[in-house]
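Me: I have a model open and want to learn how to read it. Can you walk me through the features?

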Amino acid sequence: MSTFGLATTTQEPDLDTAMKVIYQWNYDPEVEELRSLYHKATEAQWVAERDIDWERPIDHKKFSTTPLGAAIPIEQTSYWRSLDEEQVWKMTRATASFRLSNFLHGEQGALMVAAQLVNAVPHTDAKFYAATQTMDEARHVEVFAKYIKKLDEVRPIAPALKTVLDATLQTDDWMKKLVGMQIVVEGLALYSFREMRNLTEEPLLKHLLTYVARDESRHHAYGVQYIARCVPCLDDAARTELEDFALEAARNLIDRRNQQTFLTAVMQIWNELGIDAAALLTCVQQERDELTRNMPKGRRLGPVQGFVIPTLKRCGLLSERVAHHYLEFLRENLSGNLVGKSVEEFLRYVPDLPEDTAAWVLSESH
Ligand SMILES: [Fe+2]
Ligand SMILES: [Fe+2]
């Protein structure tokens, strides 16, 4: 018997949004860089079913030896080393599926925002581009869901990510949608995909992330090129509002309390697997010095300082006023010497965006 119905048991109650729809009667190219990005995107389409070898089993050994990518290498603690092969596989599998599930849910958010952008942006070239992004995001949802299914199970969305997606979907302001999705969420995603792609030695995951990251670098380029065009047309009040929207989204995603919620969820999963998560964390604390001794020296910029803030700067959305707020909240969440002592120093530390984001995302350098 078919289980098809108009309402599904897995959907969430309707989210009310305030989107305005815009018709555009000029079909000629107007924003050249967006038209050419659209052409590039149509050329770069790939087919998940055909281009990825889904028959290939997940390589357990390579998966288990891939570092988790935490700030401190948990996998080098004495506790971790005392685990047997089967326990390590279970731990890495569950942890990765938790992370990948959030990528997956983020992709669904991106899919819906991209589709909204088709309706909401006023320029034809921008509508065309958003249409290709919608297709890309559908494919990303498809591949992450497929991979997680092979690996483990889909876990629920992190509340902080849901808050940002809701706000981006609900706003009636298309520029806020662009900033929330293309700059903040996709900026963080691009950074995380790159990190995971570099760390993982599991061939199927690496292959899939290569395809996805390539698409994402285009999505980021769309945000940068379009917003950088639009910002000079805004008055001060509108620009301030936009800066604050980005700030709020970024704050939500890396806030220490939200990170704590994230860690608590992971620890709960570990405990369910029979691992004493509290003992593991105690071990991390006790062995911290030894564990960090061989880590690369120098300042490691996280995704916000290393990528989102440089993007905002490029778009003209990093005034001294908002930089001050970023400095404050980064200081609350990271140690002071990582972010600069004053706004001037902080602004001096903002790195340039990579010349070629597509090349950067696939490169292994830092
Ligand atoms: Fe995506
Ligand atoms: Fe994207």
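What follows covers a metal site and salt bridges.

Reply: This is a predicted model: local features need pLDDT of at least 70, side-chain atom pairs count only at pLDDT 80 or more, and totals for chains, interfaces and linings use all residues. Residues are numbered from 1 along each chain as its sequence is written, chains are lettered from A and ligands numbered from 1 in written order, and side-chain values use heavy atoms, without hydrogens and water.

Me: Which protein donors hold the iron ion (ligand 2)?

Reply: Donors are N, O and S atoms within 2.8 Å of the metal (3.2 Å for Na, K and Ca); water is not among the atoms, so sites may look incomplete. Here they are E137 (OE), E186 (OE), E216 (OE) and H219 (ND1), at 1.8 to 2.2 Å. E137 also coordinates the iron ion (ligand 1), 3.2 Å from the iron ion (ligand 2). E137 lies in helix α6 (residues 124-151) and E216 in helix α9 (residues 203-230), so the pair ties together parts 79 residues apart in sequence. Helices are DSSP runs (H or I, at least four residues), numbered from the N terminus.

Me: Is E137 buried or exposed?

Reply: Buried means under 20% relative accessible area, exposed over 50%, partly exposed in between (1.4 Å probe, protein chains only). E137 is buried at 0%, and E216 is buried at 1%.

Me: How many salt bridges are there?

Reply: A salt bridge is a side-chain nitrogen of Lys or Arg within 4 Å of a carboxyl oxygen of Asp or Glu. The structure has 18. One of them joins D136 and R218, with closest N and O atoms 2.9 Å apart. Both residues are buried.

Note on methods: Helix = DSSP H or I, 4+ residues; strand = E, 2+ residues; numbered from the N terminus.
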